[in-house]
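Work through these exercises with the sequence and the 3D structure side by side. Try each task before you read its solution.

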Amino acid sequence: MPRRPPPPRGAPPPPPPPHAENLATALPSPWTYIATAQAYDDEMRERIAQHRSRRGEGWTTIDAPLDLAGALAALPDSQPVLVDCLTLWLTNHMLAEHDLELECRRLADVLSRPRGPWFVVSNEVGQGIVPDNALARRFRDAAGRLNQQVAAVADTVLLMVAGLPLKVK
């Protein structure tokens, strides 16, 4: 029987990574899912619907495409939380032409004081080639700075490679 080729490297898995959901659901429910995606087209609406149906019972979903810091600050203590994802949140702020430095600092400040087990998903976008346009380069740089800020205040940082978690911190 022929062997199947390995999965492509560098291509992001469909968000949210199942690993993050598994980490959250290993803890007692209820769980909170904070979604940052916005459904601007049919394809994104379908992705969001698939994510919601996969999660099943025990999850409460909070949509926070812009005020992620506020959504986190309003959560009850000790509740497992999954944030999906920082790069979509950053995109939303870039498209709205908000002050990225201020918003990222505000978010990192809230994340530095978790009141329960919080799992925060982001994408590592800086490992490829340098983008060919200014907007993409600005996004890559801003995402890298945001990931660094969040990693600095996190107790644990995992990097998913080919579906496997690698402990970075």
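The exercises below concern a predicted model.

**Exercise 1. The chain as a whole**

Task: State how many helices and strands the chain has, the pattern they follow, and what share of the residues is buried.

Solution: 
- Step 1. Count the elements. The chain has 6 helices and 6 strands.
- Step 2. Read along the sequence. The pattern is α-β-α-β-α-β-α-α-β-α-β-β.
- Step 3. Turn to burial. The chain has 169 residues, and buried residues make up 31% of them.

**Exercise 2. Strand E1 and its partners**

Task: Find out which strands pair with E1, and in what sense.

Solution: 
- Step 1. Start with E2. E1 and E2 pair in the parallel sense over 5 bridges.
- Step 2. Look for residues that face each other. Thr32 stands opposite Thr60 in E2. Tyr33 stands opposite Thr61, also in E2.
- Step 3. Follow the chain between these two strands. From E1 the chain runs through helix H2 (residues 42–55) to E2. This β-α-β crossover is right-handed.
- Step 4. Now take strand E3, residues 81–84. E1 pairs with E3 over 4 bridges, again in the parallel sense. Here Tyr33 stands opposite Leu82.

**Exercise 3. Aromatic pairs**

Task: Find how many aromatic pairs there are, and classify each by the angle between its ring planes.

Solution: 
- Step 1. Count. There are 2 aromatic pairs.
- Step 2. Take Trp31 and Trp59. Their ring centres are 5.4 Å apart and their planes lie at 45 degrees, so this pair is tilted.
- Step 3. Trp31 lies in strand E1 (residues 31–35) and Trp59 in strand E2 (residues 59–63), so the pair ties together parts 28 residues apart in sequence.
- Step 4. The cut-off is under 20% relative accessible area. Trp31 is at 12%, so Trp31 counts as buried. Trp59 is at 13%, so Trp59 counts as buried too.
- Step 5. Take Tyr33 and Trp59. Their centres are 6.1 Å apart, with 80 degrees between the planes. Edge-to-face needs over 60 degrees, and this pair is edge-to-face.
- Step 6. Tyr33 is in E1 and Trp59 is in E2, 26 residues apart. The relative accessible area of Tyr33 is 3%, so Tyr33 is buried.
- Step 7. Trp31, Tyr33 and Trp59 form one aromatic cluster.

**Exercise 4. A charge over a ring**

Task: Where does the charged end of Arg55 sit?

Solution: 
- Step 1. Find the ring. The charged end of Arg55 sits over the ring of Tyr33.
- Step 2. Read the distance. The charged end is 3.5 Å from the ring centre.

**Exercise 5. The cavity and a pocket**

Solution: 
- Step 1. Count cavities. The whole structure has 1 cavity of 30 Å³ or more.
- Step 2. Name the elements. E1, H2 and E2 each supply at least two lining residues. H2 gives the most, with 6 residues.
- Step 3. Move to the second largest pocket.
- Step 4. Name the elements here. Helix H4 (86–95) and helix H6 (134–153) are the ones that give two or more residues to this lining. H6 gives the most, with 4 residues.

Notes:
Residues numbered from 1 in each chain as written. Predicted model: local features only at pLDDT ≥ 70, side-chain atom pairs only at ≥ 80, totals over all residues. Heavy atoms only, no water. Phe/Tyr/Trp six-rings, centres within 6.5 Å; stacked < 30°, edge-to-face > 60°. Buried < 20%, exposed > 50% of the residue type's maximum accessible area, 1.4 Å probe, protein only. Lys NZ or Arg CZ within 6 Å of the ring centre and 35° of its normal. Pairing = 2+ DSSP bridges. Right-handed = clockwise from strand over helix to strand, strands pointing away. 1 Å grid on protein atoms, 1.4 Å probe; cavity = no way out; pocket = protein on both sides within 12 Å on 5 of 7 lines; lining within 4 Å. Points joined across faces, edges and corners; volume = space filled by probe spheres on them.
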